[in-house]
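Hi everyone, thanks for coming along. I'd like to walk you through one model today, so please have the viewer open.

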Amino acid sequence: MWRAISTWTAEVRWIFAKEWRCELRTRYALNTLGLFAFTTLIVVSMALGGPVGLSADARPFLAVLLWVILLFAATAGLPRTFVHEEESRTATQLRLAARPSSLFCGKALYNLTLIFALEALVTPLYLVILEIPVASPGAFVLSLLAGGFGLAVGSTLIAAMIAQAGARGPLFAVVAFPILLPLLKITIAATLAAVLGEAADMHLTLGLLYDAMLTVAGLMLFPAIWNP
Amino acid sequence: MTARLTLRFENLHRGFGRLRVLRGVSGGADAGEALLVTGSNGSGKSTLLRCLAGLAVPERGTIECRVDGRALDLDQRRRAIGYVAPVADFYRELTTAENLDFFGRLRGVGAEAGRRLLDELGLPHDRLAGALSSGMLQRLRWAGALLHRPPILLLDEPLQNLDRRGREDVLRLLDEHLASGLAVVANPDRLDLGHVARHLDLDG
């Protein structure tokens, strides 16, 4: 039993390490996510005409805009996780060598670190450029972690689905819509509550539950999606 | 002691939409044997190998692999297979040794096995897979397939792009494999493999 768990954990670690090693040599996802997020951030700040603080006009949009930036950047980079395996014809070797569950977790872990890095880069810039004070920093960070986790796991599952289809670009948006919409709605509410210092517990609990549901669904569905 | 190993497939059917590729194909091989599958382009050789590898599901028919009388399930069969095919490539961003190290670890094999195979096949350890010539890439496919000493080798056009030395090297490795394992070899024309015990012509 312990040996099986240890082997599985090692497989996840090797897949995660391989993803980062390939990424650091091409920097495809890092550049795509970073540039997309930075461009959107500048466009948003210019459209709002500079710092908005907590003005009554801007309040409803503060959390929405942050998550739109994060979602768009993630959508530009994360679907590549499995598409790259199919396009470079490494999926066949991977299907024969790796257990589906360890592959899913290794890829999701890699996407998770990408999203967290993106959040760590974009969020402080967003808050500084728009001069937004955060009333509950702890709840704010928790909302980012919960949203990022769901975004990473959900994107991994969707990426596996679309990798085997023809029209991959538009398909990601179509398939992601029903899966990520509830997550974003909950997370945006949690982030806004944290910024304004209102109670965010309920939203955060819902977000964590949705994350757990996505993870279980991903682990159950992935073998059927990945293998013929 | 050599394990009793058999691979049998009966009445396999597989198509793509309205195109029927495999229509009632049957065959098999035992330990120490190579089954040679020949046929013109589009006759279904690669599709047959993909079905045997568990990478495609036949619409009808059965595939059975037994080791010492025990039938392997689909996951066990996938792990018992070494696959050489034009569609089975390696990470272009990683070196030959890093690629074999990664796939070897997933299959429970240490880095040493990969390095030994690279030496046997005359491949550099530190060259990126994306910078390999087509012949060197084919040698790397062989190294990847033999890495975990699988009992079953599925070889789709295994001599493609290889020079004379490369052909000699891989045929020697195939000989060593057939001392205890079995192989299914798909090629448009007949190959002189020495160990071919059975022949299946998909055009016939």
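Let me start with a term: a residue counts as buried if 20 or more other C-beta atoms lie within 10 Å of its own C-beta atom, and those atoms are placed from the backbone. Do keep in mind that this is a predicted model.

With that cut-off in hand, chain A comes out with 45% of its 228 residues buried. What is chain A built from? It has nine helices and zero strands, so reading from the N terminus you simply go α-α-α-α-α-α-α-α-α. Its radius of gyration is 18 Å, close to the 17 Å that the globule rule gives for 228 residues, so chain A is as compact as a globular protein of that length. If you want a box for it, the C-alpha atoms fill roughly 55 × 35 × 30 Å along the principal axes.

In general, strands of a sheet pair through backbone hydrogen bonds, either parallel or antiparallel. Here we have an open sheet of four strands in chain B, in the order β2-β1-β4-β5, and the pairing is antiparallel. At the edges sit β2 (19-30) and β5 of chain B, each of which pairs on one side only. Look at strand β1 (residues 5-16) of chain B: seven bridges join it to β4(B), and the two run antiparallel. To pick out one of these on screen, find B:Glu10, whose bridge partner in β4(B) is B:Thr62. Packed on the sheet is helix α1 (residues 45-53) of chain B, which touches β1, β2 and β4 of chain B. The direction of α1 makes about 125° with that of β1(B).

Next, a helix pair. How do α3 (residues 96-106) and α4 (residues 111-120) of chain B cross? Their axes come within 8 Å and cross at roughly 135°. The crossing of α3(B) and α4(B) is right-handed. On the α3(B) side the contact includes B:Leu100 and B:Gly104, and on the α4(B) side B:Gly114 and B:Leu117 are among the residues involved.

Helix α3 comes up again where the two chains meet. That contact takes 21 residues from chain B and 17 residues from chain A. On the side of chain B that touches chain A, the elements giving two or more residues are β6 (81-84) and α3 of chain B. The largest share of that side, four residues, comes from α3(B).

Most residues other than glycine have a negative phi. B:Asp68 has a positive phi of about 50° although it is not a glycine. You'll find B:Asp68 in the loop between β4 (60-67) and β5 (70-71) of chain B. Is B:Asp68 buried or exposed? It is exposed, because there are 10 other C-beta atoms within 10 Å. B:Asn161, also not a glycine, has a positive phi of about 70°. B:Asn161 lies in the loop between β7 (152-156) and α6 (164-177) of chain B, and with 15 C-beta neighbours inside 10 Å it counts as partly exposed.

Terms used
Residues are numbered from 1 along each chain as its sequence is written. Chains are lettered from A and ligands numbered from 1 in the order in which they are written. This is a predicted model: local features need pLDDT of at least 70, side-chain atom pairs count only at pLDDT 80 or more; totals for chains, interfaces and linings use all residues. A residue is buried if 20 or more other C-beta atoms lie within 10 Å of its own, exposed if 12 or fewer, and partly exposed in between; C-beta atoms are placed from the backbone. Two strands pair if DSSP finds at least two bridges between them. Two residues are in contact if their C-beta atoms, placed from the backbone, lie within 7 Å. Axes are lines fitted to C-alpha atoms, for helices over the stretch in contact, and angles run from 0 to 180 degrees between N-to-C directions. The radius of gyration is taken over C-alpha atoms; the globule rule is 2.2 Å times the number of residues to the power 0.38. A crossing is left-handed if the near helix is turned anticlockwise from the far one by less than a right angle, and right-handed if clockwise.
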